[in-house]
Amino acid sequence: MEKTYFQGPVKELLEQVAQYYSIADIATEFQVNQSTIHRWMNGSVEPKSFIADRLVNMLARKISAQENDDRQGDFTFIDLFAGIGGIRKGFEQAGGKCLYTSEWDEYAQKTYSNNYPSKHQINGDITKVNAADIPNHDVLLAGFPCQPFSIAGVSKKKSLGRPTGFEDKTQGTLFFDVARIIKEKQPKAFVLENVKNLKSHDKGRTFEVIWETLTKDLGYTCDYKIIDGQSWVPQHRERIVIVGFKNKMDFSLENMILPPKGEIKLASILHKTDGTEPKLIQDGDKYFDFENNKVLDKYTLTDNLWAYLQAYAQKHRSMGNGFGYGLVKPDDIARTLSARYYKDGSEILVWQGEGKNPRRLTPRECARLMGYPDDYIIPVSDTRAYKQFGNSVVVPLFHAVAEFIKPYIVEDKDIKQVKENRKQSA
C-alpha cells in the first residue's frame, strides 16, 4: 500500500482545478508527467510547497477567462497571426473583447492559451479557415508576415483590359487571408502591424499592393505610421502600424500623441538585486536566485562566447562595419530584441561590472522589455521564450493605438443605441 503524505488543501485544490483543466493540462502547467499529477491527487507523493500557490493561480485564470467571456466589452475584435497575444493585450486593456484567435505555431499557442484561457479555441492555419465561419467583429487585428507579391500577372491582365482584384494580386501570400476576411466580414476597422521595412520591401512593390488592396479594392479609409516602442519601453523598436476604417472619415495617425522617446531606461526592466525583486508565482526560481539576490549564473556569457563576440566585433570594426554586440547599462536604451536572441544574446548584453562577463536578459526581462505585465505567464523553455518575445510587439504601443482609435469604433455603436433607446421610450 502506498503511503499517503497529505489529504489537505493541495489535494482539494487539485480536485477543484481538475474540474476545469484536464490532467494533461495540469501536467503541462507544472512540466511533470501525468502520473505525477495522479500521485499528487491520491496523496501518495507530496508536491513542493509552491504548488498550492500555482494551483490557486490556475483557478484565478479560469475565473478571469469566464468573466472575460461573459462580459460585453466596449468593442469586439479578432486576433489573427496572434503570436503570444501582444496586440490582444493592448486592445483588451482598452476595453475590447476578443472573439476569435488564429495562430499556427504550437509553442506560441501554448503561451497564448496559458495567458488567455477562453471558451473559443485557437485556430491554426489561417489559410484553411472559412472566412464566413469567423464571428462578426468591430476590429480585425493582424501582425501578418511580410511576403513579396508578384505583380507581373496583374500588369499582363491590365494590358489585356481584363479586370483585376485583390485575389489576383495577393493569392498565395498570407496577406490574402487578411484581405479575404476583411472582404467577407466588413469590420468597422482593422489594425495591421509589421516591420518598418515593409514600406521598402521588394522595392516598394509589397506595400504598393497592400495599400491598393486596402484602399481601392476593399474601400477602407487608411493611414499608416512608423512608431518607435521607445516611447513606452527602453528599447529602440520601430514598427509600421496600418489602420483602416470602413466608413469614410477624417482620420490621421499623425494626431496620435506619443510619449517622449528615451525617458524610460533599462533599469526599469532589469531584475532588482537589492532585495526588492518580486517573487512571481509563475516564475519561481527559474530566472532569479532570491537567496543571493542575483540573476542565475546561467545567463552570464561563458569566457569562450564573450571572447568570440569581442573578436567578431573587432573584425568588423576594422572593416568599417557596424556589426557587433550591444553592451547596455541600467541608464541605457536597448537595441531591438530579435527572434535570434536565443543564439548568443549579442544585441542586448547587460553589463555586470568590470572584470565580469556580461549576461543575457532573462525571459522575464524580455517580457518586461516588450511591455508585458509581470503576471504574464512564460510556460515554455528559454529558447522558445526568446523567440516569442523577439517576434512579439510592444504591448503599451498597441494599447495607445487602441485608445486612439476607440472613439472612432464605439461612436457609431453608441449612436445606434441612443436611437434604439429613443424608439423604445417613444
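Helix α14 gives the most to the lining of the largest pocket, contributing four residues, and the pocket itself has a volume of about 860 Å³ in this predicted model. Apart from this open space, the structure holds two cavities of 30 Å³ or more.

**The largest pocket**

- The lining of the largest pocket comprises 37 residues, of which Phe 81, Gly 83, Glu 103, Gly 143 and Asn 391 are the closest to its centre.
- Two or more residues of this lining come from each of β1 (75–80), α5 (86–93), α6 (106–115), β5 (189–195) and α14 (382–390).
- Sorted by class, the residues that line the largest pocket are 17 nonpolar, 11 polar and nine charged.

**The largest cavity**

- About 50 Å³ of space lies in the largest cavity, and its lining is made up of His 271, Glu 277, Pro 278, Leu 280, Asp 283, Gly 284, Tyr 287, Phe 288, Phe 290 and Arg 364.
- This lining divides into five nonpolar, two polar and three charged residues.

**The second largest cavity**

- The second largest cavity, with a volume of about 30 Å³, is lined by Glu 193, Arg 237, Arg 239, Val 393, Val 394, Leu 397 and Phe 398.
- Four nonpolar and three charged residues, with no polar ones, make up the lining of the second largest cavity.

**Packing of α9 and α10**

- Two packed helices are described by the angle between their axes and the distance between the axes.
- On the α9 side the contact is made by Phe 175, Ala 179 and Ile 182, while α10 supplies Ile 210, Thr 213 and Leu 214.
- The residues of this contact between α9 and α10 are five nonpolar and one polar, with no charged residue among them.

Definitions and conventions
Residues numbered from 1 in each chain as written. Predicted model: local features only at pLDDT ≥ 70, side-chain atom pairs only at ≥ 80, totals over all residues. Heavy atoms only, no water. 1 Å grid on protein atoms, 1.4 Å probe; cavity = no way out; pocket = protein on both sides within 12 Å on 5 of 7 lines; lining within 4 Å. Points joined across faces, edges and corners; volume = space filled by probe spheres on them. Nonpolar A, V, L, I, M, F, W, Y, C, P; charged D, E, K, R; others polar. Contact = heavy atoms within 4.5 Å.
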